[in-house]
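The following dialogue goes through a protein chain, feature by feature. Please keep the sequence and the coordinates at hand.

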Amino acid sequence: MSADPNSEVVLGAPVRRLIGDLVLSSQPGSVSNGAPPIELIANGAIDIDEVGRIVAVGSEQDLAPAVGAVERVGGLLMPGLVNAHAHSPMTLLRSVGDGLPLQRWLHEAIFPREGKLTAEDAWWGMALGSAEMLLAGVTTSCEMYWHEAAIVDAVHTTGARTVVTPAIISGLLPNGDINGWVAKALEFHADHHRPERRSHVGFAPHALYNVTPEHCGAIADAAKSVDAILHIHLEETTAERDEMAEKYGRSATQVLADAGVLEAKVLAAHGVWLSQSDMRLLGEAGASVAHCPQSNLKLGSGVAPTPAMLEAGVRVALGTDGPASNDDLDLWEEVKLAPLLARGVAHDPQAMNAATALDSATRSAGIAVGVEDIGHLSPGAWADMIRIDLDQPAFAGSDDLITRLVFAGSSRLVTDVWVAGRQVVADKSITTVDVAEAMAEVSTRAKRLAG
Ligand SMILES: [Zn+2]
C-alpha cells in the first residue's frame, strides 16, 4: 500500500451473476423510512455489468440465462451499509479525551491533535477507517473532514465508496473570506465528484457554533449550484441549543432556515435537541438527519427523538460519527441501538420497527448522503453489497429475518463485500490493503499527534 496519489484505481468488474441462498432486494422508487418495501428472494441472482451496476435481480429460475460467469456464493446477499456521518481519519485519535463534555473534548483533546495532522496522516487514518468499515460490511461513508484529497485517494485504494464533504469553520478563513473557500470547494467538486470512481463530493460547514449563518448561506448556494449535499452538525448538545438562543434568539434550525440553507440538500448530524417546529422545518425541506446514537451516548449529549423526526417527515439515516467518540466504525451497532433507544425512551415496542432501522442504514442513508443508487439491490443501482453467513445460531429457523438481522445481526456475520461489483472483502479478509501496515502507521502517527 502506498500514499501515491496516482495509485491505480480499478473500476468495475467483468459481467457476471452472483447467486445467494437469499437476496434482500427492494423496489426501485420506493419511499424512504416509513414502511420500506423490502423483498426477500430465495435462490436469488444478481446480474452485474462491466461498470459495476446491477442490471437484473430475481430468483435464478426467473432470470434470463446468465451472460458471463456465474458465482454461487450462498448466504444472504444484501445492500452494503451506508454510514451517513463519519470523521474516519480520527482513527488517529480513537478514544482520546474520554469523559470530557463536547466543547472541552473538542478544545482540549481533539483540536490540539488535529492542529498537527498532515495530509499523509489523514490518508493513513482514512485507509484504516475504510478497511475497518469494509470488514464490517459498510460500503459507503459520508466523511466530514479536511485533507479531502487524501481522503478520496485513500478510499480509491481500499475500494470503498465515499461521500467527501470538505469541512470549514469561519475562524479558519483568511480574512473571513468565504468566497475563496467556496471557489476552492467547487473546484474540488469538479475534480473529484466521480460516482463511477466511487467518489462523491458535498460541502460541510462544521456547525452553527463555529460557522456564521452568512457563511452557511454562501456554502448552501454553492451546494445547490452543483446539486450536492450540505453536511452540518446540528442541535447536538444543550450547550449548542443555549448558545443559539442567546446569540440569535432562535433555534439553530431556524437560523439555517432564515439563511436559506434548508433550500439545499441538507444532511444534519445528530439533531438530539430538535424541537417540534425544528423537525417540521426539516421535514418540509426534505432534509435528512444522521442519527449517531452511540456518539451521543458516549459524549453524554442525549437521545435524539427519532420517532418524532420520522413523524414530521424527516429522513433518518444512521452514522457512527468519528472513532474518537464511538469508538469504532461498526454501523451494525447503530442499527441495533437506534430502535432499542427509540422503544426504551417511548416505553413503546412499536416506536421504531426493524425494517425502518435497517432502511436507515441502507436505502434512506443513500438518499441522505446524496447517492440514490446505493443502499438497495435493484436494477440500475451500484452493486455495493455484502454477504451474511446464514449458517449461524442467530438464523436457525426461517422467520423474521429482518428482525434477526437488526437485533441479532453483527459485523461478525459479514463474510464478503463488493463495491461497484468489485470484491474487496473475501472470506473476512480485505483484498485491497495491508491492514497490519495501516495499523502500524496509525499507531506511530497517533503517538506523534499526542506528543
Ligand atoms: Zn460529527
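**Reading a sheet, its domains and its backbone**

Q: In which sense do strand 13 and strand 14 pair, parallel or antiparallel?

A: Strands are DSSP runs of E of at least two residues, helices are runs of H or I of at least four, and both are numbered from the N terminus. Two strands pair if DSSP finds at least two bridges between them. Here strand 13 (residues 288-291) pairs with strand 14 in the parallel sense, over four bridges. Opposite Leu 318 in strand 14 stands His 291. The model is predicted, with local features requiring pLDDT of at least 70 and side-chain atom pairs counting only at pLDDT 80 or more, whereas totals for chains, interfaces and linings use all residues. Residues are numbered from 1 along each chain as its sequence is written.

Q: What is the order of the strands in the open sheet?

A: The order is 11-12-13-14, and the pairing of these four strands is parallel. Strand 11 (229-234) and strand 14 are the edge strands, each pairing on one side only. From one strand to the next the twist averages 30°, where axes are lines fitted to C-alpha atoms (for helices over the stretch in contact) and angles run from 0 to 180 degrees between N-to-C directions. Strand 11 pairs with strand 12 (residues 265-270) in the parallel sense over six bridges; Leu 230 has Val 266 of strand 12 as its bridge partner.

Q: Which way do the residues of strand 14 point?

A: In a regular strand, side chains alternate between the two faces of the sheet. In strand 14 (residues 315-318), Arg 315 and Ala 317 point one way, while Val 316 and Leu 318 point the other way. All of them are buried, a class that requires 20 or more other C-beta atoms within 10 Å of the residue's own; 12 or fewer make a residue exposed, counts in between make it partly exposed, and C-beta atoms are placed from the backbone.

Q: Where does phi take a positive value in a residue other than glycine?

A: Most residues other than glycine have a negative phi, and most peptide bonds are trans. Among the exceptions here is Asp 321, with phi near 65°, in the loop between strand 14 and helix 11. Asp 321 counts as buried because it has 28 C-beta neighbours inside 10 Å. Another is Ser 95, with phi near 70°, in the loop between strand 6 (81-86) and helix 1 (102-114). Ser 95 counts as partly exposed because it has 14 such neighbours inside 10 Å.

Q: Which residues does a cis peptide bond join?

A: Such a bond joins Asn 326 and Asp 327, with omega about 10°. Asp 327 belongs to the loop between strand 14 and helix 11 (331-346).

Q: How is the chain divided into domains?

A: Domain bounds come from an automatic or database domain assignment. Domain 1 covers 16-80 + 374-430, and domain 2 covers 81-368. Their C-alpha centres lie 27 Å apart. In contact (C-beta atoms, placed from the backbone, within 7 Å) are 29 residues of domain 1 and 36 residues of domain 2. Helix 14 gives the most to the side of domain 1 that touches domain 2, with five residues.

Q: What is the radius of gyration of the chain?

A: The radius of gyration is taken over C-alpha atoms, and the globule rule is 2.2 Å times the number of residues to the power 0.38. This chain has 15 helices and 18 strands. Its radius of gyration is 21 Å, close to the 22 Å that the rule gives for 451 residues, so the chain is as compact as a globular protein of that length.

Key: Two residues are in contact if their C-beta atoms, placed from the backbone, lie within 7 Å.
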